[in-house]
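Here is a walk through a structure for someone who has not seen it before. Please keep the sequence and the 3D view at hand while reading.

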Amino acid sequence: MANHSTSTHSQFFQHHFVDAEQQFDAAKMGMWVFLVTEILFFGGLFAAYIVYRLWYPELFVMASEELNTLWGGVNTIVLIGSSLTVAMAIKSAQLNQKRNIAINLGITIALAAIFMVIKYFEWTHKFHLGIFPGEFYAFDGIDHPKANVFFSLYYLMTGLHGIHVVIGIGLMVWLLLRSMKGHFDSEYYTPVEITGLYWHLVDIIWIFLFPLFYLID
Amino acid sequence: MEALNDLLLPPAKSTLAHQTDTLFWFVHLSGLVLTIGLIGVLIYFVYKYRRKSEDEVTPLITHNNKLEVTWSVIPLIMVLIVFGWGYQVFMEQRVAPDDAYEINVTGQKWIWQFTYENGARTNGELHVPAGRPVKLIMSSNDVIHSFYVPDYRIKQDVVPGRYTELWFTAKETGESIVFCTEYCGTSHSDMTAQVIVHEEEEFDSWLADNAGGGSKPEDLAPAEWGEQLATEWACTTCHSTDGTSMTGPTWQGVFESEETLTDGSTVTVDENYLRESILEPSAKVVEGYPDVMNTYQGQLNDDQINAIIEYIKTLN
Amino acid sequence: MATAETNLKKIQVQRYEPESDPDQHYLNEETGLWAWLTTVDHKKIGLMYLASVTFFFFVGGIMALLVRTELWTPAKTFIEANTYNQIFTLHGAIMVFLFLVPSVPAALGNFFLPLQLGAKDVAFPRLNLLSYYLYVAGALIALISIVNGGIDTGWTFYTPYSSTTGGAVTIMTFGVFVIGFSSILTGVNFITTIHKMRAPGLSWDKLSLFCWSLYATSIIQILATPVLAITLALVGMERILGIGIFDPALGGDPVLYQHFFWFYSHPAVYIMIVPGFGIVSEVISTFSKKHIFGYWAIALSSLAIAFIGFLVWGHHMFVSGQASLASMVFSFLTFLVGIPTGIKMFNWTATLYKGSIRVASPLLYIFGFFFLFLVGGLTGIVLGSIALNVHLHDTYYVVAHFHFVMVGGMVMAFLAGVHYWWPKMTGRMYNETMAKISCVTIFIGFNVTFLPQFVMGSLGMPRRYFNYIEQFQIYHQISTVGSYILGIGFMMIFYYLIRSLYKGKKAEPNPWGSRALEWQVNSLPPLHNFHHTPVIINGPYDYHKPMDEFQLGLAENGHGHAPQHEAEVSSQEPTKAE
């Protein structure tokens with residue numbers, strides 16, 4: 001941030017930092033390090049996915065057909081859109097357009113909510129068919145003895161991702177409230193910036209999940 | 001060397017065990033030399049450079065590249081030797097010869113079962129011929145176990161849902177203990193077996209005598225046979241015959257007694273209940289005991305079950 | 001001091017000399033229970049961790065004594081097999097997750113990392129407090145599992161045993177999951193702190209080796225712990241939903257669990273021991289008054305260990321049925337990880353050369369560490385060799401090996417650290433004679449406990465055995481006697497350290513004559529560590545200058561935090577702070 005102020009007089013400046021720039025840099029770095037952790041956290045599940053796909057490639061092809069590519073695709077676009085709006089919120093903050101921060105955050109929250117609603121309908125549809133995870137699996141449309149493992153992975157990975165989306169929504173609501181109180185401007189927008197980083201990661205993970213589950217051919 | 005060997009290692013009773021032992025001593029003795037050397041230098045420095053006054057100023061010695069390289073490269077060479085040597089011994093012990101005699105091994109809580117080519121079955125006793133490679137093909141019925149024969153320096157996990165292998169050649173007749181070394185619950189430490197090594201001909205006749213397995217030896221009364229089976233099938237690992245409460249209820253006085261079940265109902269212990277408990281152990285579990293017993297469906301035949309029930313009756 | 005370089009900002013500095021027995025310090029500002037529980041001060045959080053890990057060390061220690069007492073005779077001595085299995089599980093889980101992992105980084109690291117960096121606090125003080133409460137919450141959840149049926153899986157939670165056995169495994173794994181997040185957040189905090197909070201003049205080559213070791217540890221924490229978290233979450237899911245990823249009965253693979261588990265748990269071994277290495281460097285340098293030998297070799301070998309440590313997990317699985325090729329690669333990498341560890345040992349020994357050595361109790365503990373860790377490390381080489389591992393895997397040899405590394409290495413280093421920094425943390429000196437006596441007691445007790453375990457292990461005694469064959473009884477009995485000696489040693493430490501709080505002599509700011517930054521502030525540091533941002537002129541191991549030439553600078557003007565600032569001493573007069 002070339003034009004980032006080094007003011008120490010912001011009300012949100014914490015005394016143990018030398019100046020606001022150090023505070024901003026530290027927060028941003030902390031979030032990056034945390035995101036590395038998140039990648040490893042999902043990485044465990046991706047590793048399990050890879051192992052099972054290598055063992056039962058035909059299962060993944062068969063079971064993937066039960067997933068609705070159209071709605072998965074819509075969700076992908078929705079999430080990419082929300083990544084764009086969160087980036088715009090950060091840009092608005094840098095340009096000191098306080099109103100636009102709130103507007104962009106509001107759109108982001110709405111898109112994230114749409115994502116969750118679509119996810120909800122996808123899951124409940126499967127439950128109606130008897131596709132439950134693990135030992136509760138009761139669907140006979142897939143002729144494969146390990147079909148339950150595929151859906152266990154599906155529910156775990158999309159579920160964990162869904163939890164991250166919900167946490168993201170919570171953070172955005174908090175940011176929205178603060179931005180409406182006028183807390184953020186070009187001098188101080190650290191929370192918007194680091195929540196944006198988090199949100200991009202949530203988006204990227206979905207961009208991996210979508211082809212890995214929906215687009216197997 | 002032999003005496004030293006006995007101090008730290010069990011007797012080497014397989015043809016390849018001595019390979020492991022030689023490597024064992026090489027690593028330990030070179031480690032000992034390093035330990036004595038390093039600790040010696042440390043003690044010497046501590047004595048020689050002990051503080052004589054509080055305002056001593058020490059010289060600035062930041063590093064010495066020659067020294068750093070030396071004490072990186074020499075240990076590196078040492079460990080590479082140990083690595084290559086260990087790998088070579090391992091591979092030799094891993095690949096069974098083609099003519100190895102195959103025996104199937106099943107691990108389950110808390111018993112080792114062995115099945116031979118002609119259908120002979122034993123529990124807790126592995127009979128093998130001396131001087132001939134024996135290959136074990138192993139699997140588990142429940143959790144992971146591990147088959148360990150210290151005298152042969154061999155060990156292999158026994159995993160449910162897949163087969164693992166192990167082989168050895170016993171040098172001479174005798175007995176060696178088998179331990180389960182993968183923790184498997186309550187009676188993990190009682191899940192032992194004996195390897196019984198016969199001369200080749202003796203083994204063949206033993207095998208012929210036990211062909212088919214599962215029929216009553218003629219010289220035994222049913223209850224006596226039942227007692228034998230109870231030990232052989234490791235029933236007594238969990239069920240005492242003297243009234244002590246172990247993992248399962250004691251057998252002493254159990255026949256025709258009233259037992260309270262986990263669901264609160266009561267049952268009279270009769271032949272049918274005992275039979276059901278052997279074949280479907282989870283159906284009626286006695287209050288206060290964990291539901292951990294395995295089914296013996298397909299393992300014990302009707303004659304054997306009857307014999308065990310006869311034996312339990314004699315314990316009243 | 002180079003002044004010609006144009007891109008450096010020059011800062012005027014004054015000399016600084018701390019006052020002994022200061023009126024205002026971190027313990028008498030912001031007092032009261034509520035202030036403690038909500039404090040964001042890294043020092044108070046460090047002390048709360050210290051109290052917590054000590055508590056769990058005693059709980060785990062009592063479990064250990066119960067296990068050893070039960071093993072006095074084969075079969076039942078005084079407890080049932082199932083109870084025994086639960087007790088050794090809890091001993092392992094408590095010691096690993098509640099003591100070893102947080103002890104040095106979270107307790108001593110929290111207290112001394114900002115002090116050694118010349119910072120007022122860690123980068124995220126509130127996150128730091130959250131880490132502590134996550135630790136407490138995780139510990140409480142784990143304790144709930146004890147009263148809720150207990151767990152008998154061993155601390156490794158191997159499937160399918162853990163997914164099918166009774167008891168409170170789900171609660172326990174959830175507790176460990178929460179503790180894992182505490183550990184991750186501490187790692188995030190420390191990495192950011194080391195990168196962003198260093199005082200002016202504190203370039204990477206002046207960073208103390210304790211900070212380097214915490215840096216390496218934090219990297220492992222943030223990379224490995226999330227994998228453990230997800231693995232244990234999967235075990236929980238296995239029990240709740242039967243997802244079948246690890247259970248062969250449902251189509252899963254139990255060996256996959258072992259890969260996942262050891263991918264965390266092997267690096268976790270380095271989470272436990274690497275911070276101990278940092279303490280060794282600090283203490284050896286201080287008590288031999290000597291510049292550390294091979295600074296970069298020691299610093300970078302920590303990072304090398306952290307890196308290679310991620311690639312060796314398969315050496316726990318040589319007999320699990322993994323491919324021979326995989327075993328070969330893992331064995332090879334295991335030997336490579338031994339090299340940087342060896343390099344450290346040699347460098348520490350070389351540091352003593354031409355030093356001015358005073359064998360005070362912290363150094364005595366380090367010597368204990370030296371011998372025990374050497375034995376632990378060399379037996380690790382034995383176990384890394386595949387052929388020997390086949391014979392020794394899951395026997396008492398392995399038990400003895402990791403106790404030599406974890407207790408002999410890590411706990412001795414931790415105790416050295418506690419004794420070394422006790423005056424700074426509490427402002428009091430402990431009884432030196434008692435410290436030495438208990439160090440020797442622990443050393444003897446430890447060897448009596450664990451040397452016989454090497455013998456019975458190589459003779460074939462498997463671990464986690466409630467019952468054993470009679471030929472092993474003599475070794476078990478010697479070991480049990482040793483464990484009581486060890487217990488007495490720890491109780492002595494507890495006694496004289498607590499006593500020192502009331503009766504101990506007041507500590508000078510720098511009782512050991514150390515050059516490290518934390519010793520240049522008052523004993524009982526001020527609430528915010530440094531009233532003025534310190535300027536680092538000398539490195540933490542500059543013992544080649546007499547003490548009167550070695551002083552800490554205080555910035556007179558400007559207070560940039562970037563390490564490229566060059567300091568210049570402007571005043572020769574020592575000034576008192578404030």
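The structure is a predicted model, in which local features need pLDDT of at least 70 and side-chain atom pairs count only at pLDDT 80 or more, while totals for chains, interfaces and linings use all residues. Residues are numbered from 1 along each chain as its sequence is written, and chains are lettered from A and ligands numbered from 1 in the order in which they are written.

Chain C has 15 helices and four strands; helices (H or I, at least four residues) and strands (E, at least two) are DSSP runs, numbered from the N terminus. With a radius of gyration of 24 Å, close to the 25 Å that the globule rule gives for 578 residues, chain C is as compact as a globular protein of that length. That radius is taken over C-alpha atoms, and the rule is 2.2 Å times the number of residues to the power 0.38. Along the principal axes, the C-alpha atoms of chain C fill a box of roughly 75 × 50 × 50 Å. Of the 578 residues in chain C, 66% are buried. A residue is buried if 20 or more other C-beta atoms, placed from the backbone, lie within 10 Å of its own, exposed if 12 or fewer, and partly exposed in between.

Chain B has seven helices and twelve strands. Its radius of gyration is 28 Å, whereas a compact globule of 316 residues would have one near 20 Å. The box filled by the C-alpha atoms of chain B is roughly 90 × 55 × 35 Å, taken along the principal axes. Buried residues are 33% of the 316 in chain B.

The domain assignment of chain B gives domain 1 (2-46 + 63-94), domain 2 (101-209) and domain 3 (222-313); such bounds come from an automatic or database domain assignment. The C-alpha centres of domain 1 and domain 2 of chain B are 31 Å apart. Eight residues of domain 1 of chain B are in contact with eleven residues of domain 2 of chain B, contact being C-beta atoms, placed from the backbone, within 7 Å.

Next come the strands of chain B. Strands of a sheet pair through backbone hydrogen bonds, either parallel or antiparallel. Here two strands pair if DSSP finds at least two bridges between them. Five strands of chain B form an open sheet of mixed pairing, in the order β3-β2-β1-β5-β8. Its edge strands are β3 (121-123) and β8 (164-169) of chain B, each pairing on one side only. Strand β2 (residues 111-115) of chain B is antiparallel to β3(B), with three bridges between them, and T115(B) has R121(B) in β3(B) as its bridge partner. Strand β4 (residues 125-129) of chain B has four of its five residues buried, so it is largely enclosed by the rest of the structure. β4(B) runs parallel to strand β10 (residues 193-198) of chain B, joined by five bridges, and L126(B) stands opposite V195(B) in β10(B).

Where do chains B and C touch? In all, 73 residues of chain B are in contact with 74 residues of chain C. The elements of chain B that give two or more residues to this side are α2 (17-48), α3 (65-94), β6 (145-149), β7 (154-158) and β9 (174-180). α3(B) gives the most, with 16 residues.

Conventions:
Two residues are in contact if their C-beta atoms, placed from the backbone, lie within 7 Å.
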